[in-house]
Amino acid sequence: QGTQQLHGASRGAASARLGPRSVVTCGLPIPIIGGLFTAPVLAIMYVFVAIRLWLGYEKTNFTAQNKAMMVALWPVLAVASASFRENLKKATL
């Protein structure tokens, strides 16, 4: 019985010291940054860049034959290829 009280006391002391939540359980420390990576925001960003790439595709070094595939896969290509990133800048700026 004394051991149970000791564990309960130490748990209460730790929670009082740390507070009800810590940064780890709440997510990112700055709420604005956490709000930037929600699914609706990412979807809007994807569509916006895809439209800009579609409209500026003629400024790139790519052939028109691959236009639809490259616009659809632009996030993957942007991560994987430095050449694509350069052409993406040309098309969107």
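As the model is predicted, local features need pLDDT of at least 70 and side-chain atom pairs count only at pLDDT 80 or more, while totals for chains, interfaces and linings use all residues. Residues are numbered from 1 along each chain as its sequence is written, and side-chain values use heavy atoms, with hydrogens and water left out.

Q: Which pattern does the protein follow along the sequence?
A: Helices (H or I, at least four residues) and strands (E, at least two) are DSSP runs, numbered from the N terminus. The protein has seven helices and zero strands. Read along the sequence, the pattern is α-α-α-α-α-α-α.

Q: At roughly what angle do the axes of H4 and H7 cross?
A: Axes are lines fitted to C-alpha atoms, for helices over the stretch in contact, and angles run from 0 to 180 degrees between N-to-C directions. The axes of helix H4 (residues 39–55) and helix H7 (residues 82–92) come within 8 Å and cross at roughly 80°. Angles under 35 degrees count as roughly parallel, over 145 as roughly antiparallel, 65 to 115 as roughly perpendicular and the rest as oblique. H4 is therefore roughly perpendicular to H7, the crossing angle being roughly 80°.

Q: Which residues in H7 meet H4?
A: Contact means heavy atoms within 4.5 Å. On the H4 side, the residues are Val 49, Arg 52 and Leu 53. Their partners in H7 are Phe 84, Leu 88, Ala 91 and Thr 92.

Q: How many nonpolar residues has the contact of H4 with H7?
A: Ala, Val, Leu, Ile, Met, Phe, Trp, Tyr, Cys and Pro count as nonpolar, Asp, Glu, Lys and Arg as charged, and the others, Gly among them, as polar. By these classes the contact of H4 with H7 has one charged residue, one polar residue and, as nonpolar residues, five.

Q: How many residues make up the largest nonpolar core?
A: A nonpolar core is a set of buried Ala, Val, Leu, Ile, Met, Phe, Trp, Tyr and Cys residues joined through side-chain atoms within 4.5 Å. The largest one includes Val 49, Leu 53, Trp 74 and Phe 84. H4, helix H5 (67–72), helix H6 (74–80) and H7 each give two or more residues to this core. The number of residues in the core is eleven.

Q: Is Asn 87 buried or exposed?
A: Buried means under 20% relative accessible area, exposed over 50%, and partly exposed in between (1.4 Å probe, protein chains only). Asn 87 lies in helix H7 and touches Thr 60, Asn 61 and Phe 62, not counting residues up to four places away in sequence. Because its relative accessibility is 3%, Asn 87 counts as buried.

Q: Why does Lys 89 count as exposed?
A: Lys 89 is found in helix H7. Its C-alpha atom is separated by 9.0 Å from that of Leu 53, 36 residues apart along the chain. Lys 89 counts as exposed because its relative accessibility is 56%.

Q: How far apart in space are Lys 59 and Leu 88, C-alpha to C-alpha?
A: Lys 59 is found in the loop between H4 and H5. Leaving aside its neighbours within four places in sequence, Lys 59 is in contact with Lys 90, Ala 91 and Leu 93. Lys 59 and Leu 88 are 29 residues apart in sequence, and their C-alpha separation in space is 9.2 Å.
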